[in-house]
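Please read it alongside the sequence and coordinates.

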Amino acid sequence: MNACRNVCLLAVLLLLGSACAAQLPPPPRATDALTVPLPAAAEAQAASPLPQPVTENQTFVTLNGVPQYKIGPGDLVEILLTRGLAQERQTAAVKANGMVSVAFLEAKVGGRTTDQAAEEIRRILSPFYRQLSVEVLVREYNSKRGAVLGAVGGKAGSFPLKGRTTLLDLLAEAGGPAPNANLERVRVLRQDGGSLAVNLFHLLSDGHAIRDFVLDAGDVVFIPPRGPADEKKVFVLGEVKTPGAFPLMPDMRLSQALAQAGGPTAVAVLRSARIVRGSLNNPRVVEVDFRQVIEQGDQSQDIPLQANDLVLLPRSPIGNWNAFLAKLRPTLEFLALPLSIPLQIQLLGTVAR
């Protein structure tokens, strides 16, 4: 299965709880900016423990480091039989018992990879054919499906799982999240009745976790919409302790947004802080030396924020931001996902890490 898609980092940061929306703390003093604690509501907002990485489930098995699809009932397979110079090609539907009819016999292919199925068919037919080689391809994937419901940008519904499928693979199949999607409160309902609460933004901060969150047959992903009270936000990304989205309060400044995000990490380049605002076609980058706010109390660098501003603290200086934005444009526009401008800009900031 070609599970490798252009994995666009689909991160929409929303309110970390209704208590956070009620009131932001006062601006921190310059000397306290690195040590402001998280709001209590943000600490209480916890996702479920993520599932452990898997090398096999109902949908795929990893052989020699390569994930391979498991054939199942309802799949349509193409079987190519080669005997010397003669070739015979036939298409067969996998029966409920996992068997397929080939030539005048039946072979069990359910639960097997295409290579394993080909070997089983060759074994069954070898007493009747000399120098037989067999190839098996899956033409239609019908046996295993996952569903995406709720606030999606394309079409909600069920989609075939064609092998190792991650959470973001399935979201891409559904057209990505809608502009009003609340990706902090995604729920994954598992076939066995279990349920996982997923904060996609936090998941995206760990490259291994986002690659290892694998779905299986019968999983349902539900993306709730956010309410009208969550519309005006600022996004804080990069080298901060708790990246996220925060409600835009009257006269909110950069220091307050960084405080809500737990303050910069030890490797943040404070002199290269940036605020990205405007449309994707014409983004405006505001340069900020936040080090002056902390070390010298220079309030001119404590910039007032606007709705949908993206605050980015990079790990290393980025010399040419125009070139940086241009380089990321194809990623932001992948598959023509119907992303809102704030979401597209936020994706840019996530990749910037």
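Is Lys70 buried or exposed? In this predicted model, Lys70 is buried, its relative accessible area being 12%.

1. **Lys70 and its partner.** Lys70 forms a salt bridge with the side chain of Glu56, with an N to O distance of 2.7 Å. The two residues are 14 apart and link distant parts of the chain: Glu56 belongs to the loop between α2 (40-44) and β1, and Lys70 to the loop between β2 and β3 (76-83). Glu56 is partly exposed, at 46% relative accessibility, whereas Lys70, at 12%, is buried.

2. **Strands β3 and β4.** A salt bridge joins Arg89 and Glu78, whose closest N and O atoms are 2.7 Å apart. This pair also links distant parts of the chain, with Arg89 in strand β4 (residues 86-93) and Glu78 in strand β3, eleven residues apart. Glu78 is buried, with 12% relative accessible area.

3. **Glu106 and Lys95.** The side chains of Glu106 and Lys95 form a salt bridge at 2.2 Å, N to O. Because Glu106 is in strand β6 (residues 105-108) and Lys95 in the loop between β4 and β5 (99-102), the pair ties together parts eleven residues apart in sequence. Glu106 is partly exposed at 34% relative accessibility, and Lys95 is likewise partly exposed at 34%.

4. **Salt bridges overall.** The count of salt bridges comes to eleven. Among them are Glu56 with Lys70, Arg89 with Glu78 and Glu106 with Lys95. Side chains of opposite charge can pair when their charged atoms come close.

5. Most residues other than glycine have a negative phi. Asn64 is in the loop between β1 (60-63) and β2 (66-69) and is exposed, with a relative accessible area of 81%. Gln131 is also not a glycine and has a positive phi of about 50°. Gln131 is located in the loop between α3 (114-125) and β7 (132-140) and is exposed at 71% relative accessibility.

6. **Arg122 in helix α3.** Arg122 is located in helix α3 and is partly exposed, at 30% relative accessibility. Apart from neighbours within four places in sequence, Arg122 is in contact with Leu132 and Val134. The C-alpha atoms of Arg122 and Leu81 are 8.6 Å apart in space, although these residues are separated by 41 residues in sequence.

Key. Residues are numbered from 1 along each chain as its sequence is written. This is a predicted model: local features need pLDDT of at least 70, side-chain atom pairs count only at pLDDT 80 or more; totals for chains, interfaces and linings use all residues. Side-chain values use heavy atoms; hydrogens and water are left out. Helices (H or I, at least four residues) and strands (E, at least two) are DSSP runs, numbered from the N terminus. Buried means under 20% relative accessible area, exposed over 50%, partly exposed in between (1.4 Å probe, protein chains only). Contact means heavy atoms within 4.5 Å. A salt bridge is a side-chain nitrogen of Lys or Arg within 4 Å of a carboxyl oxygen of Asp or Glu.
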